[in-house]
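Subject: Structure handover, salt bridges

Hello,

Please look it over when you have time.

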Amino acid sequence: DGAATGSAGRARFSFTETSAICPTGEATPRVFVADPGNHAVRVVEGGFVRTVAGQGLALFADGSLSSVYFDTPTGLALSCANGLVVSERGANGYGNRLRAITVGAPSPFGGFFGSSTTLAGDGTAATTEGASLAGAQLDAPVAPFVTSTGEFYWIDSESGVLRRRALDGTCDCPLAVDCATAVGAPDFPAGHAFSLTETAGGVLYVLDATAGVLHRVTP
């Protein structure tokens, strides 16, 4: 942590792989950054970089932001409830989850007030459907995106399958009849770098940055 620019006390990141930044659009600009090599979520604000969550070690723990652990977080998105959605690729065996963090005011003891909860995944590296926390499993999830209706989309990068968390909390593979079928015939190449976005009309697009291809997903 430290100054965002300059030579003295300059903040540093560890971009060991493709990761995401997430500007908030607030009156006082803040930009959240997924820092996979440091297993942390950071924020750039007012010319300084501070760690929001993560202790620098690849582990798993929810709860207060002062005690949260991540494993290779690479994806960030803002939710409709002003929370931050984090996808953990899990390069060290502790990730494979979609997490939500709420960020409060800075703490006088360092860091920020707030908390982390798990939205989907139990840590097992697999692409399966079911209830978010009782059956659905994720396989190196990346590029989370929250639609205007409140659904969550992401891609399981190790299986190349587009995933969805519906409003009722269940997770599926929307481009196939079930996730087993999707794994057998993946939507996208496994291991590529992806990003997702949505038009004002609700059409989902997937950018395969590795292949240089933009895909339009039929709603």
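In this predicted model, Glu 17 counts as partly exposed, at 24% relative accessibility; buried means under 20% relative accessible area, exposed over 50%, and partly exposed in between (1.4 Å probe, protein chains only). Glu 17 forms a salt bridge with Arg 89, with 2.4 Å between the closest N and O atoms. A salt bridge here is a side-chain nitrogen of Lys or Arg within 4 Å of a carboxyl oxygen of Asp or Glu. Glu 17 sits in the loop between β1 (2-3) and β2 (21-23) and Arg 89 in the loop between β8 (84-88) and β9 (97-106), so the pair ties together parts 72 residues apart in sequence. Strands (E, at least two residues) are DSSP runs, numbered from the N terminus.

By this rule the count is 8 salt bridges. Another of them joins Arg 99 to Asp 62, at 2.8 Å between the closest N and O atoms. Arg 99 is in strand β9 and Asp 62 in the loop between β5 (48-53) and β6 (63-64), 37 residues apart. Arg 99 is buried at 0% relative accessibility, whereas Asp 62 is partly exposed at 29%.

Within it, Arg 42 and Asp 35 meet at 2.6 Å, N to O. Arg 42 is buried at 3% relative accessibility, and Asp 35 is buried at 0%.

On conventions, residues are numbered from 1 along each chain as its sequence is written, and side-chain values use heavy atoms, leaving out hydrogens and water. As the model is predicted, local features need pLDDT of at least 70 and side-chain atom pairs count only at pLDDT 80 or more, while totals for chains, interfaces and linings use all residues.

Regards

Definitions and conventions
Helices (H or I, at least four residues) and strands (E, at least two) are DSSP runs, numbered from the N terminus.
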